[in-house]
Amino acid sequence: MNMFSYDTFEKEGKYHLCGGGVNLSNYESNYNTQSEAWNNEAVTFSENKTLTNKMINSSNNYSYGNEVEYIIYGNSNEKNKKSAYGTIFAIRYALNLPPEFQENWNDGTLSGMAIAIESASSGIIPAPLFKLVVVLGLTAAETASDMQYLKNGMPVELVKNKDQLTWTYAGYSEKAVSGKGFFYSDYLKLILFTKLTGNNEYAVYARIADVIQANMGQKISNNSGFVMKKANVYYSAEANLKVEPLMLNLPLTSNYSGSVSDGIIGQIKYKAYKGY
């Protein structure tokens with residue numbers, strides 16, 4: 001996640017640079033003020049750098065904004081993002097159901113409307129069924145609102161209480177972003193973890209190699225000639241070191257003991273493997 005880009009990579013980075021005060025109404029203007037800071041190439045600036053201190057952008061990253069999604073799903077750009085957002089929507093929907101029921105199920109206005117619908121339909125549409133449909137619809141609206149925050153680089157509380165809901169039967173009310181909660185990238189980490197603990201571990205690693213190969217081909221050789229399977233990822237070093245026995249060969253000593261020949265004392269054999 002520190003080496004590759006994803007759909008909200010730049011927006012999340014600018015959100016952190018803003019240091020708060022960002023919501024759906026003003027995020028564009030706030031992010032625009034951070035554009036120059038975001039493109040800082042100084043080696044001490046780590047917000048937009050890989051672990052090898054390279055800028056993460058369209059020039060250095062072949063599939064900028066889609067790399068982590070590709071590593072997880074292995075499809076084309078749009079399919080990867082649809083899969084990611086679809087999975088996150090399902091997670092958020094399940095998490096939003098309890099607070100929506102808590103807030104709306106006993107709402108007086110909704111209950112009155114449900115009773116009226118039941119009476120008007122001669123019991124064909126029971127009051128509980130009407131309330132259930134409304135609550136499920138409000139949960140879908142709440143989840144869609146969450147997705148707007150996530151797509152624009154802002155966090156959403158992982159588990160909300162009823163006071164943190166933006167959609168209730170009373171209507172819509174935009175809430176301030178607290179700065180806590182999960183970002184889009186956090187959900188990708190969660191999905192990636194599940195992939196690595198399942199039966200698709202090798203496929204994930206292979207797609208990481210694909211991304212590295214594409215980036216190296218674009219940045220280093222400016223073509224697709226770089227092939228990962230031909231890359232050197234480790235080396236071995238072997239040496240025989242000899243240290244002169246200086247004290248024993250001094251005239252004062254050698255006059256009594258004789259000269260010590262090379263290689264008898266102070267010989268060191270060294271062998272090591274280094275990989276990355």
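A: A word on names to begin with: helices are DSSP runs (H or I) of at least four residues, strands are E runs of at least two, and both are numbered from the N terminus. Keep in mind too that this is a predicted model.

Let's zoom in on helix H8, which covers residues 184-196. At 1.5 Å a residue, its 13 residues should span 18 Å, and the end C-alpha atoms are 19 Å apart, which agrees. Which residues of H8 are buried? They are Tyr-184, Ser-185, Asp-186, Tyr-187, Leu-188, Ile-191 and Leu-192. As background, an α-helix has 3.6 residues a turn, so residues three or four places apart point the same way.

Now look at the loop between strand S2 (171-172) and H8, where Phe-183 sits. Searching the whole structure turns up nine aromatic pairs. In one of them, the ring centres of Tyr-15 and Phe-183 are 5.6 Å apart with planes at 70°, so the pair is edge-to-face. Tyr-15 belongs to helix H1, so this pair ties together parts that are 168 residues apart in sequence. Both partners are tucked away: Tyr-15 counts as buried at 6% relative accessibility, and Phe-183 counts as buried at 9%. Elsewhere, Tyr-6, Phe-9 and Trp-38 form one aromatic cluster.

Rings also meet charges here. The charged end of Lys-131 sits over the ring of Trp-105, 4.4 Å from its centre. Likewise, Lys-151 lies over the face of Tyr-85, at 5.0 Å from the ring centre.

Lys-81 is buried, with a relative accessible area of 16%. Leaving aside neighbours within four places in sequence, Lys-81 is in contact with Asp-7, Gly-65 and Asn-66.

Finally, a look at two loops. Asn-53 is in the loop between helix H3 (35-38) and H4. Its phi is near 65°, a positive value in a residue other than glycine, and Asn-53 is partly exposed, with a relative accessible area of 33%. Ser-122 turns up in the loop between helix H6 (108-120) and H7. Phi of Ser-122 is positive too, near 55°, and Ser-122 counts as exposed at 67% relative accessibility.

Methods
Residues numbered from 1 in each chain as written. Predicted model: local features only at pLDDT ≥ 70, side-chain atom pairs only at ≥ 80, totals over all residues. Heavy atoms only, no water. Expected span 1.5 Å × (residues − 1). Buried < 20%, exposed > 50% of the residue type's maximum accessible area, 1.4 Å probe, protein only. Contact = heavy atoms within 4.5 Å. Phe/Tyr/Trp six-rings, centres within 6.5 Å; stacked < 30°, edge-to-face > 60°. Lys NZ or Arg CZ within 6 Å of the ring centre and 35° of its normal.
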